[in-house]
Amino acid sequence: MTEGKQGENRGLRRDQVLVVYGQDPKEMTKLLLETVQLENHIPQGALVGIKPNLVVAKPASTGATTHPEIVAALVEYLQAHGRNNLLILEGAWVGDSTKKAFQVCGYEELSRRYGVPLFDTKGDKTQLLNYGGISMEVCQKALEVDYLINLPVLKGHCQTLVTGALKNLKGCISDREKRHFHTLGLHRPIACLNKLLHTDFILGDGICGDLDYEEGGNPVPMHRMFCGLDPVLVDSYIASCMGYEPRSIEYIALAEQMGVGHCLSQPGQVVELNQDNSVAKPSPGGKVARLAKYAAPKESCSACYANLIQALARLDQEGLLEKWKGGPVCIGQGYQGQPGKLGVGRCTAAMEASQPGCPPTTMQMLAFLRKQLS
């Protein structure tokens, strides 16, 4: 997968993912929405469902949930363009309270400020629908909305490895059905659910999703947001950001086979609207800090550094990091023109071995680092 040139192809096609980097989620959201001109896709008077990821009652800074600033910016934009029939709907995972998640994650205050109702799908009536031989209880309200905006978090998952737009629709089924999904292994029912419940627009939160666990605790500051129309395309972007071949994630491959959408396949499908200039701030503790010992940042940009951490995480997962003998990987603007052994990013171009790119993708870094081990 090759990144598109920054700023080209303004607007949004179904075969594209738009990406923006930055420190301010509200401003980043507005840039994406203004570029897409989302109001033109939503009929006047349509009931717009806004589906964040509030799987647990933990703030977004933990890497588990959708930042409320993103939803606030989305609501402000929609209301400014006369789209006022809005509803925020979600159902936390089995065993947790959606009401508590709304409160802890900042959505109760958001609801009061903008007059947008919150809807807990746990208490909703359901329809029993069937696809691919799997019957499932889908929440009535999710089926009633005219336009569904899906706001997943770019993060890992203990069972499916990654979670994104496709899996985020699990918040629109009953708790009994969530348990049923787990007995079926998650992947196939997630893909089938996306044939029964259509996502119209995806606005992805890549600010600081967790490294490998849906409940948070090891956030990786990636300082990016992204949007798209195809949930399979968006999830394949999420998977690649985390160092996975998209079709190696079973539910992504199955959803593509079922005709939900298409994985990234052509250069230029990922269009960056700007460049990340924020300085990376390495995590002070936890798993991310352990991985950071293999990096030597010097004025590194956040997006580049985050991609390196994700690549190192995949090497660690494969048992390869313990075999690493190459010393820390240099990264950052502080290395421009400086000689050295090993670096990633165009700023380390003068080194003996360097992976070009600004930033190089996680997949490019991963392939480069694997080559150093061979």
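Modeller: Two notes before we start: residues are numbered from 1 along each chain as its sequence is written. In this predicted model, local features need pLDDT of at least 70 and side-chain atom pairs count only at pLDDT 80 or more, while totals for chains, interfaces and linings use all residues, and side-chain values use heavy atoms, without hydrogens and water.

Colleague: Thanks! Why is H2 called roughly parallel to H4?

Modeller: The axes of H2 (residues 68–80) and H4 (residues 107–114) cross at roughly 15° and come within 10 Å. Angles under 35 degrees count as roughly parallel, over 145 as roughly antiparallel, 65 to 115 as roughly perpendicular and the rest as oblique, so H2 is roughly parallel to H4.

Colleague: What makes the contact of H2 with H4, and how do its residues divide?

Modeller: Contact means heavy atoms within 4.5 Å. H2 brings Pro 68, Val 71, Ala 72, Val 75, Glu 76 and Gln 79, and H4 brings Tyr 107, Leu 110, Arg 113 and Tyr 114. These divide into seven nonpolar, one polar and two charged.

Colleague: Which residues of H13 make the contact?

Modeller: Thr 362, Met 365, Leu 366, Leu 369, Arg 370 and Leu 373 do, against H12 residues including Cys 304 and Leu 315.

Note on methods
Axes fitted to C-alpha atoms, helices over the stretch in contact; angles between N-to-C directions. Helix = DSSP H or I, 4+ residues; strand = E, 2+ residues; numbered from the N terminus. Nonpolar A, V, L, I, M, F, W, Y, C, P; charged D, E, K, R; others polar.
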